[in-house]
Every structure is written in C-alpha cells, then in structure tokens.
Amino acid sequence: MKMSRCVWMLAIVALASGLRAQEASITLPITLEQAIQIGLNENPTVVIADQEIRRMEYAKKEAQGNLLPNISGTGSFTHNIQKQKMFMGGGGFDMTSMIGPLFDYYFQNIPEQWLPSGPLESSDGSGSSVMEVGLRNSVAGGFNLTLPIYMPTIYKNIKLTEQQILNAVESVRQNKITLANQIKKSYYGILLAESSLEVLQRNIEYAQIVVNDTHNQFEQGIVSEYDLITAEVQLSNLTPTLIQTENTIRVARLTLNMLLSLPLDTQLALQEDLYDFKTGDGSHFGRLDLTDNADLRLLDIQGELLQTQLELQRATRQPSLSGIANYTVMSQSENLKINNYRWLGSSYVGLQLNVPIFAGFTNKNKERQIKVNLKQLELQRDYQEQALSVEAETALNNMDNARKQMIANEATKQQTQKGYDISKTRYDVGAGTIVEVNSAQMALLQADLNYT
C-alpha cells in the first residue's frame, strides 16, 4: 500500500512538473487522502517550515563551535618616521651607572645594525642624555589561540538552540495540521457545492417539466396564461442560484489547487462523493483530548525556552576560564630587504580567568524581566487551554446536532418528495393548481439543500 502510494505521488509530481513546463490542462483523479499527502509534500508553507528546522540545526552547530579552539593570525608593518627616544641620567641621579650593565648585555646580543644610529645627545646642561631606540622598519607576525575550558554561557546557549529546534519541529507539525484542515475544508466544500448543484439541476429539470406540461395544457386551453407565467417564473428563479453555485465550485477548486501547489488550470476529478462520508453513529464525538494540541505544546516549549534563557542570564554572573597561547616573530631594519632580516620569536601559554563582579544591576533586572515573561506565558497557557476546551466542546456539540439534524432532514426530504409527486399528479389530472406544484417544488428544493 505504501509503495503504491509513493508511486502515485511520484506520478503526480511528474505530472505537475510537466504542467508547469507545458502549461497544459489535464484532469487528475484524486481522493481526500491523496490530496492531503500532496499538500503536505508540496505546499510552500510546509517547505518553508522545514527550512527553518535546518536553519536551527546550523545554529546549534554554531553554538557547539564555540567550545572549539579559536585560532587567529596577526601581522603588522610599521615605518617609524621619527624613532622613539630614551632619556638617560640627569638630575643628579646617574641612571646610566645603574642600568649600564643591562645595556652592555643588550648591545652585545643584538645585530650591529640595530644599535643606536648616533651618539647620545645632551638635552641640556643637567647631564641627561637622549638615545634613539629601534630602527625605521618593524615587521611582526604571529598566532593567537584561545581554548574555552569552563564557559557556562556556551553550555546554556547549546541547550537553548536544542529547544529552539524542538520549537521549529512543533511549528512544522502545527503547519501540517492547519494545512490538512484547510485541504479537508476545501475538498468537502467542493463536494458540498457539487451536491448542491446536482440538487438545483434536478429541481430545474422538475421545473422545466412543469413548464412544458403547462405550456401544452395552455395551448389546449386547459390552464390559464397565469399558470404558464407562474411556472416560467419558478424556473427562472432557480437560474441565479445555479450560477452562484457554479461560481462557488470554481473558486473552491482554485483554492484546492493552490493548497496542493498545482497549476490553477489543473482539473481535479474528486473520486469521492459527499455521501461517502456519511458513516458512523457519532459515538466518537464524545472524546476530548488536548494532550497533543499544537498550540498548547508550542506554549510549553516556549516556557522551556524562557526557563533556559533565565539560566543563560544567570550564567553570565559565573566565572569563566579559558586557555590562551601566543607565538610572535618580529624583526627590524633600516631597509625593506626582508630576505636579510633577522627574525626573533617569542611565545607564551597561560590561563585567563574572567570573574564578573558588578555590572550595574543589569543582569539582575534582565532576570526579573524573564521571570515576568514566564508568569505571563503561564497565564496565557491556562487561558488558551480553557478557550480550546470550550471550542472543542462546541465543535463536538455542533457535530452531534448536525448528525441529528441530518437524520431529521432525511425523513423530511422523503416526505417532501412524496408531497411533490402527489401535487404534480393532481396538477396533471386537473385536480390541483400550479401554486400547489410550485410550493411543493420549493419545499423539495429546500429539504434537499438542508439535507446536503
């Protein structure tokens, strides 16, 4: 059964693709179940909702990626228009004599071209001196690495994205339920309109027979012209209703094609009749269960999302720990002959601890906002459940009343059909009037429509 359905679905999709390509009209046989399956696979609203799930899955991977090391490269080039200066000695305190050994060691271990470009210059009579430091061109490059070790906010973000995926999945289910409901209404609407059209056409045939008989009797002088005019008016009064019903069918068929994402000129041959759904005794109408209601489940998931957001906000007040590492190489020169540069490297590893201390009560107030949202959602959920219960009970009562009314209308329909046959027979033998026939015909039409 499943295999044949899949084959049938592929055939429909292929036919639909051919319709789009050739813009040709074709008639497709279809049942209610098949219409729902096509709509759930082809309708853009469902496809868009499925894409939202994919987007949230990527958001989850993005959140998980924050737990991986973060590596970045850096590079810089600096040309010193004026070299940096260093002051030495002065003020009666011989700075040179204190740090001289350090400079001696420094001068002995650096390239000659890196040494100061000129002698020490005396700035004033105090004995202090100024020395130029560095060279004209400086090049540096390196890598930085950061590794999260303990990051509470990242863990909560991952949990939040997982719940957002659940929310997206439930939204897809809600869209499918809504779409299936719309397809059913459209399908039933077509069947109802077509059944009403059949009733109208049947009554038009009855009225036409009366007009023909009255016309023959009028020519024979049996009835008056008033009877003929009355019969013709009765026939004419049915025409506007017939036109309106035909237009209703066209609109309903266009709506169903739209819901199934089929070309609007596709002719659907509905394989079921309205009376095929006249089954059961109505005992199942008494069941009422809102456990799987999509609206309530979405509200529950939104409550879980808010609770996780509250945990995420609290996590911002917790310490975080990450590992850090750096490697840098640099060189300086008076020229731009990079091949002749002498590169020196440096590196380090360590831990970085971040402890939030005070943020102006912003985090506390954000938590309070989320708590208020949780309370609002709780009240909304309770009210929504009550509203859905009332709506479901009302729908069940309407269905039960409709079934009882259908049984009564069926009996009325049989009686009005019998009354019409009697009035027509009386009129044919001259024992009745055209008014009786018209009244009986209108009663029959109304009874047929009520039953439908």
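This is a predicted model: local features need pLDDT of at least 70, side-chain atom pairs count only at pLDDT 80 or more; totals for chains, interfaces and linings use all residues.

**Exercise 1.** Work out which word describes how α2 lies relative to α5.

*Solution.* 
Step 1: Find the two helices, α2 at residues 32–42 and α5 at residues 152–219.
Step 2: Take their packing angle, about 140°, with the axes 10 Å apart.
Step 3: Roughly antiparallel needs an angle over 145 degrees, and roughly perpendicular covers 65 to 115.

**Exercise 2.** Find the residues that make the contact of α2 and α5, and sort them by class.

*Solution.* 
Step 1: On the α2 side, look for Leu32, Ala35, Ile36, Gly39 and Leu40.
Step 2: On the α5 side, look for Lys176, Leu179, Ala180, Ile183, Lys184, Tyr187 and Tyr188.
Step 3: Sorting them gives 9 nonpolar, 1 polar and 2 charged residues. Gly counts as polar here, and Lys as charged.

**Exercise 3.** Decide how α3 and α7 each run relative to α5.

*Solution.* 
Step 1: Start with α3, residues 44–65, which packs with α5 at about 175°, the axes being 9 Å apart.
Step 2: That angle is over 145 degrees, so α3 and α5 are roughly antiparallel to each other.
Step 3: Turn to α7, which packs with α5 at about 170°, with 9 Å between the axes. α5 and α7 are therefore roughly antiparallel too.
Step 4: Look at the contact residues by class. For α3 with α5 there are 13 nonpolar, 6 polar and 6 charged; for α5 with α7 there are 10 nonpolar, 10 polar and 8 charged.

**Exercise 4.** How far does α7 reach from its first C-alpha to its last, and what span is expected?

*Solution.* 
Step 1: α7 covers residues 294–315, which is 22 residues.
Step 2: At 1.5 Å a residue, the expected span is 32 Å.
Step 3: In the model α7 reaches 31 Å, close to that value.
Step 4: Finish at the start of α7, where a side-chain oxygen of Asn293 comes within 3.0 Å of the backbone nitrogen of Asp295.

Note on methods: Residues are numbered from 1 along each chain as its sequence is written. Side-chain values use heavy atoms; hydrogens and water are left out. Axes are lines fitted to C-alpha atoms, for helices over the stretch in contact, and angles run from 0 to 180 degrees between N-to-C directions. Helices (H or I, at least four residues) and strands (E, at least two) are DSSP runs, numbered from the N terminus. Angles under 35 degrees count as roughly parallel, over 145 as roughly antiparallel, 65 to 115 as roughly perpendicular and the rest as oblique. Contact means heavy atoms within 4.5 Å. The expected span of a helix is 1.5 Å times one less than its number of residues. A polar contact is a pair of N or O atoms within 3.5 Å; within protein, one must be able to donate a hydrogen and the other to accept it, and residues adjacent in sequence count only if both atoms are side-chain atoms.
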